[in-house]
Amino acid sequence: MRKLTSLQKSRHHLTTAIILVIFCFPLYWAIINSIKMPLETFAGSWVPFLQFKPTLVNWAKELGDQSTRRALANSTIVSLCSTGIVLFIGTLAAFSLAVFKFEKLKNQDIIIWFLSQRVMPPVIFIVPFFLLMRSFKLIDSLYALILVNVTFVLPFAVIIMREIFRGIPQELTDAALVDGASYWQIFRKVALPLATGGLVATGIICLAIVWNEFIFALSLSYDRAVVMPVVIAGSEHTRGVEFWYVGVRVLLTMSLPVVVALFAQRYIVKGLTLGAVKG
Amino acid sequence: MKRQQIKFVFLLPAVIWVLAFTIFPLAYAIRLSFFSYHLGRGETFVGGRNFVQAFTYPRFWGSIRITFSIVLIAVVLEIVLGLLFAWHFNREMRGDKVFRALITLPLFATPVAVGYLGITLFYETSGPINMFLSFFHIHIPWLSHPFWAKISIILLDTWIWTPFCFLVFLSGFRAISEEIYEAAYLDTNSELQIFRYISLPLLLPILGIVIALRLVEGLKIFDLPYTLLLGGPGTSTEVYPLLVYRTALKNFDFGSASALSLVLLGIVMSIVIIFFKQLRRVYE
C-alpha cells in the first residue's frame with residue numbers, strides 16, 4: 001500500500017468516524033432509553049445530563065422482576081448446557097474427520113452433509129418438533145430447548161473445529177503414533193492442547209447462537225422454560241411497547257453475546273463462514 | 001489398520017444425534033404434509049391437497065414475493081457496504097483495530113432485541129431517525145406504511161449483517177499479496193482501477209461463498225419481522241417463515257404448515273445445489 005498524504009489520512013479518519021457513528025447509534029439509543037424516565041422516552045431527547053436526568057429506576061425494576069430473572073437463568077442454563085454437549089460431541093467428530101480418512105462415504109461428503117444441516121431453515125422443523133415434544137410431554141421444558149439447540153449448532157461446531165484440527169501438522173500425530181500413543185491419547189494430549197484457542201472461540205460463538213435463538217424457544221415454551229428473547233417478544237402484547245423497558249431488556253439480552261464477541265474477534269470470520277474463508 | 005476403527009467411535013455420536021433429530025422430524029413433516037391434521041381433530045389423508053391449497057393461496061405468493069424482495073435487497077446492500085467498508089479498512093491505520101471490533105458488535109446482537117430496538121428507532125412521531133430527518137423537512141411513516149415497513153426490516157437486517165460481509169471481505173483483501181499491488185501501482189495511480197481490476201477479481205471466489213451463505217441465511221428471516229411488526233401493517237411484512245409459523249402454531253393447521261415447510265426446503269435446496277460445486281471444492 002502506498003503512503004497517504006495527510007489530506008487523505010484525515011479523509012480516512014472522517015469516513016471511519018461516520019461509519020462508526022451510524023453503526024453504533026442504535027446501541028447508544030438503547031442505552032439512553034434505558035436510563036430515561038418513561039415520559040422522556042417519548043420526548044426524544046438525545047443527550048443525558050443536558051437534556052434529561054439519567055435514572056437507574058428501569059434497571060432496578062426490570063432486574064427485580066421475577067419473570068425476567070427466571071428468563072435470564074433459563075437462557076444461561078440452556079446456552080451453557082447446549083454448548084457443553086456440542087463441544088464434547090463436536091470436537092470428537094471434528095478430530096475424527098480431520099485425522100482419519102473415511103472410505104465408503106468420503107470425509108468431504110460427511111462435511112457437506114453437516115453443512116447442509118446448517119443451511120436448513122429452522123422453521124421447517126417447528127411442526128414436527130412441536131408435535132414430537134408434545135407427545136413426549138416436553139413442551140415448556142428446558143430439556144427440549146437444549147436438545148433442539150444442540151441439534152442445530154452441532155454441525156456448525158464440527159465444521160469449524162475440523163478446520164482448526166487440520167491446522168495441526170501431521171508430523172506431530174505421526175510422531176505420537178510411533179511412540180505408541182493411542183488415538184484417544186493423541187486427541188487428549190496432542191490435539192486438544194493445541195486447539196484450545198479455537199475451542200474456546202467455537203464455544204463462544206455457539207453460546208451466542210444458542211442465546212440468540214428465538215423461533216424454537218417461541219414455539220416450544222410458554223411459561224416455565226421461557227428464555228430472554230421470548231420475554232422481549234412477549235412484552236408488547238401484555239403491556240404495549242414500553243420504550244424504557246425495551247431499552248433495558250434489549251441491553252440485558254444483547255450484552256452477553258456482544259461482550260463475548262469482543263473476545264472472539266480473531267476467530268469470528270473463520271467461524272461464521274463455516275471455515276470456508278481463512279480468518 | 002485395526003486401531004483406526006476408533007474413528008467411528010469418535011464420529012458417530014455427532015452423526016447419530018444430528019441424524020436422529022433431523023431425519024425423523026423431516027420424515028414426519030413429509031408424512032404430515034399429505035394429511036389434514038388439526039390439533040384436537042384427528043388426521044385424515046388428503047393426498048396433495050395441502051400443496052394445491054398452498055399454491056392457490058394468495059398469502060403464499062404474497063409472502064414469497066415479500067421474502068425475496070426483502071432478502072435480495074438486503075443481501076445486495078450488505079455486500080456492497082461490506083465491500084466498501086473492507087476496502088476502507090484495508091489500510092493499516094492507528095486505532096482501526098478498535099473500530100473494527102466495534103463495527104462487528106451488531107452481528108452478535110440478539111435479532112429479537114434488534115427488532116424491538118427498531119420500534120424505538122423508527123418510532124414515527126419522536127423517534128431519532130425521524131427527528132433527524134425533520135431537519136430536512138422529511139417525515140417517513142416507517143412502521144405504518146407497507147413499503148416503508150419493508151425498508152425498516154431491510155435496514156435492520158443490513159445493520160446486523162453488513163459487519164459479517166465486511167469481516168469476510170477484509171480477510172479476503174488481506175490475503176491478496178502485497179507484490180501484486182506494488183506491481184499494479186507501477187501502471188496506474190487510480191484506486192478505482194486497482195479495485196476493479198485487481199482486488200475484485202481476486203475476491204470473486206469469496207464473494208460467491210458470501211452470497212450463497214447470505215441468501216440461505218436470509219431465507220431464515222423470522223425474528224425481525226416478528227418483533228418489529230408481527231408481519232404488519234396488514235400482511236405487508238409477512239415473510240415466508242412467519243406464514244409457516246402462523247399456519248402451524250396460531251391456526252394449528254399442521255398439514256398445511258408441513259406442506260409450506262417442504263416448499264421452503266425445496267427453495268433452499270435449489271439455491272444450495274446451484275452453489276454446490278463451489279462449496280464442495282472449498283471443503284475438500
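What percentage of the 284 residues of chain B count as buried?

Mentor: The share is 40% of the 284 residues of chain B. A residue is buried if 20 or more other C-beta atoms, placed from the backbone, lie within 10 Å of its own, exposed if 12 or fewer, and partly exposed in between. This is a predicted model, in which local features need pLDDT of at least 70 and side-chain atom pairs count only at pLDDT 80 or more, while totals for chains, interfaces and linings use all residues. Residues are numbered from 1 along each chain as its sequence is written, and chains are lettered from A, and ligands numbered from 1, in the order in which they are written.

Chain B contains 13 helices and two strands; these are DSSP runs numbered from the N terminus, with H or I over at least four residues for helices and E over at least two for strands. Along the principal axes, the C-alpha atoms of chain B fill a box of roughly 75 × 75 × 30 Å. Two residues are in contact if their C-beta atoms, placed from the backbone, lie within 7 Å. Among the contacts in chain B between residues at least 6 apart in sequence, 69% join residues at least 24 apart.

Two residues illustrate the burial classes. B:F85 belongs to helix 3 (residues 58-89) of chain B and is buried, because 23 other C-beta atoms lie within 10 Å. Apart from neighbours within four places in sequence, B:F85 is in contact with A:I19 and B:F166. From B:R65, 20 residues away along the chain, B:F85 is separated by 30 Å between C-alpha atoms. B:L204, in helix 10 (residues 191-218) of chain B, counts as exposed because it has 9 C-beta neighbours inside 10 Å. The C-alpha atoms of B:L204 and B:G172 are separated by 9.5 Å, and these residues are 32 apart along the chain.

The contact between the chains takes 81 residues from chain A and 81 residues from chain B. On the side of chain A that touches chain B, helix 1 (residues 6-34) of chain A gives the most, with 12 residues. That side of chain A has 62 nonpolar, 17 polar and two charged residues. Here Ala, Val, Leu, Ile, Met, Phe, Trp, Tyr, Cys and Pro count as nonpolar, Asp, Glu, Lys and Arg as charged, and the others, Gly among them, as polar.

Finally, consider a helix pair within chain A. The axes of helix 10 (residues 196-212) and helix 13 (residues 243-263) of chain A come within 10 Å and cross at roughly 165°. Axes are lines fitted to C-alpha atoms, for helices over the stretch in contact, and angles run from 0 to 180 degrees between N-to-C directions. Helix 10 and helix 13 of chain A are therefore roughly antiparallel to each other, a term for angles over 145 degrees. Helix 10 of chain A passes helix 13 of chain A in a left-handed crossing, meaning that the near helix is turned anticlockwise from the far one by less than a right angle. Helix 10 of chain A contributes A:I204, A:L207, A:A208, A:W211 and A:N212 to the contact, and helix 13 of chain A contributes A:L256, A:P257, A:V260, A:A261 and A:F263. By class, the residues of this contact of helix 10 with helix 13 of chain A are nine nonpolar, one polar and no charged.

Methods: Angles under 35 degrees count as roughly parallel, over 145 as roughly antiparallel, 65 to 115 as roughly perpendicular and the rest as oblique.
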